[in-house]
Amino acid sequence: MSEASMQNMEARIPSLAQIAVRQARRQALATSGKVLEARDGQLVETAANGTVRVIRHIAKPIPVALGAKRFRAHRAAQP
């Protein structure tokens, strides 16, 4: 497999992931009638009938530049 074709396939990953997430959301709504989603700094439960219930507030997403690496900070052990 050539490097160009590999890069072409890798470039498709974000759109394929978006399609997979949409399909999973639809399937979850059809199966259980509810989906938990993170939206605008909140964890919300969306029902198949369109109602939305806020479960809790969560941290806002952190924007990360394409190609950047993020590392979790290690916390000191609690006694």
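Is Glu-37 buried or exposed? Glu-37 is buried, with a relative accessible area of 16%. The model described here is predicted. A search of the whole structure finds three salt bridges, and Glu-37 takes part in the one with Arg-25 and in the one with Arg-39.

**Glu-37 and Arg-25**
- The side chains of Arg-25 and Glu-37 form a salt bridge, with an N to O distance of 2.7 Å.
- Arg-25 belongs to helix H2 (residues 13–31) and Glu-37 to strand S1 (residues 34–39), so this pair ties together parts that are 12 residues apart in sequence.
- Arg-25 is partly exposed, at a relative accessible area of 31%, whereas Glu-37 is buried.

**Glu-37 and Arg-39**
- Glu-37 also forms a salt bridge with Arg-39, where the closest N and O atoms are 2.8 Å apart.
- Arg-39 has a relative accessible area of 34% and counts as partly exposed.

**Glu-45 and Arg-53**
- Glu-45 and Arg-53 are joined by a salt bridge, their closest N and O atoms lying 3.2 Å apart.
- Glu-45 is buried, with a relative accessible area of 17%.
- Arg-53 is partly exposed, with a relative accessible area of 47%.

**Network**
- Through salt bridges that share partners, Arg-25, Glu-37 and Arg-39 are joined into one network.

Conventions: Residues are numbered from 1 along each chain as its sequence is written. This is a predicted model: local features need pLDDT of at least 70, side-chain atom pairs count only at pLDDT 80 or more; totals for chains, interfaces and linings use all residues. Side-chain values use heavy atoms; hydrogens and water are left out. A salt bridge is a side-chain nitrogen of Lys or Arg within 4 Å of a carboxyl oxygen of Asp or Glu. Helices (H or I, at least four residues) and strands (E, at least two) are DSSP runs, numbered from the N terminus. Buried means under 20% relative accessible area, exposed over 50%, partly exposed in between (1.4 Å probe, protein chains only).
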